[in-house]
Amino acid sequence: MLRNPIHLRLEKLESWQHVTFMACLCERLYPNYWAFCQQTEFADAQLYRRVLDLIWESLTVKDAKINFDSQLEKLEEAIPLADDFEVYGVYPAIDACVALSELVHSRLSGETLEHAITVSETSITTVAMLEMTHAGREMSDEELGALPAIEEEWDEQWEIFRLLAACEERDLELIKGLRSDLREAAISNIGIKIEQ
């Protein structure tokens, strides 16, 4: 699936930067899960929101005590099965859950780089799958790479990466700023907007 130089560059970042990068991408995936829950009444999207908020808390509150094992259990129960639904929205919703569970796994294992790459790939895959569904056919990486929606997703990821890479040390203001900007925008990587 679509590779990008960002995956090599992520190696240069510290663990907290990887976690912030993943949290930002999950923030952009959340509206996909929210919309699916609204459409199908499958689960309460607030569960996803709470787990993601705890991740942000772990980044900004010194010595925050969070039981990530229990959060992972709750999240796993809230992942839809593709075969149970007729709507396309189940796929972006599953991707959102996969990304968030990768992020929680990174908090449990302390290994962040591989998880950050997986979350990045998951987010771009959501966009690519939608594009191929619209086109009604498989596309090569070259074809996908030329699409505006794919370019836009990489641009978003690079923007987050650049802001993080510019930090010498953990910058709480930057972390909080990224979080509030993405939450206020409330637009997913495939253009779904949360309507309040």
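A: The model is predicted.

Q: Why is Leu172 called partly exposed?
A: Leu172 has a relative accessible area of 34%. Buried means under 20% and exposed means over 50%, so Leu172, at 34%, is classed as partly exposed.

Q: Which residues is Leu172 in contact with, leaving aside its neighbours within four places in sequence?
A: With those neighbours set aside, Leu172 is in contact with Leu59 and Thr60. Leu172 and Leu59 are 113 residues apart in sequence, and their C-alpha atoms are 8.0 Å apart in space.

Q: How do you know whether Arg28 is buried or exposed?
A: Arg28, found in helix α2, has a relative accessible area of 7%. The limit for a buried residue is under 20%, and Arg28 is therefore buried.

Q: What makes the pairing of the Arg28 and Glu153 side chains a polar contact?
A: The two side chains are joined at 2.6 Å. A polar contact requires N or O atoms within 3.5 Å, one able to donate a hydrogen and the other to accept it; the pair at 2.6 Å is therefore within the cut-off. Not counting residues up to four places away in sequence, Arg28 touches Glu153, and also Glu156, Ile160, Leu182, Ile187, Ser188 and Asn189.

Q: Why is Cys26 in no disulfide?
A: The count of disulfides comes to 0. For Cys26, the nearest cysteine sulfur is that of Cys24, 9.5 Å away.

Q: Why does Cys97 count as buried?
A: The relative accessibility of Cys97 is 0%, and buried means under 20%, so Cys97 counts as buried. Cys26 also counts as buried, at 0% relative accessibility.

Q: Which residues have the most contacts inside the largest nonpolar core?
A: They are Phe21, Tyr33, Tyr48, Leu103 and Ile150, in a core of 66 residues. The elements that give two or more residues to this core include α2 (15-40), α5 (90-109) and α8 (148-165). Helix α2 gives the most, with 15 residues.

Q: What is Ile150 in contact with, leaving aside its neighbours within four places in sequence?
A: Ile150 is in contact with Leu2, Ile124, Val127, Ala128, Leu144 and Gly145.

Notes: Residues are numbered from 1 along each chain as its sequence is written. This is a predicted model: local features need pLDDT of at least 70, side-chain atom pairs count only at pLDDT 80 or more; totals for chains, interfaces and linings use all residues. Side-chain values use heavy atoms; hydrogens and water are left out. A nonpolar core is a set of buried Ala, Val, Leu, Ile, Met, Phe, Trp, Tyr and Cys residues joined through side-chain atoms within 4.5 Å. Buried means under 20% relative accessible area, exposed over 50%, partly exposed in between (1.4 Å probe, protein chains only). Helices (H or I, at least four residues) and strands (E, at least two) are DSSP runs, numbered from the N terminus. Contact means heavy atoms within 4.5 Å. A disulfide is a pair of cysteine sulfur atoms within 2.5 Å.
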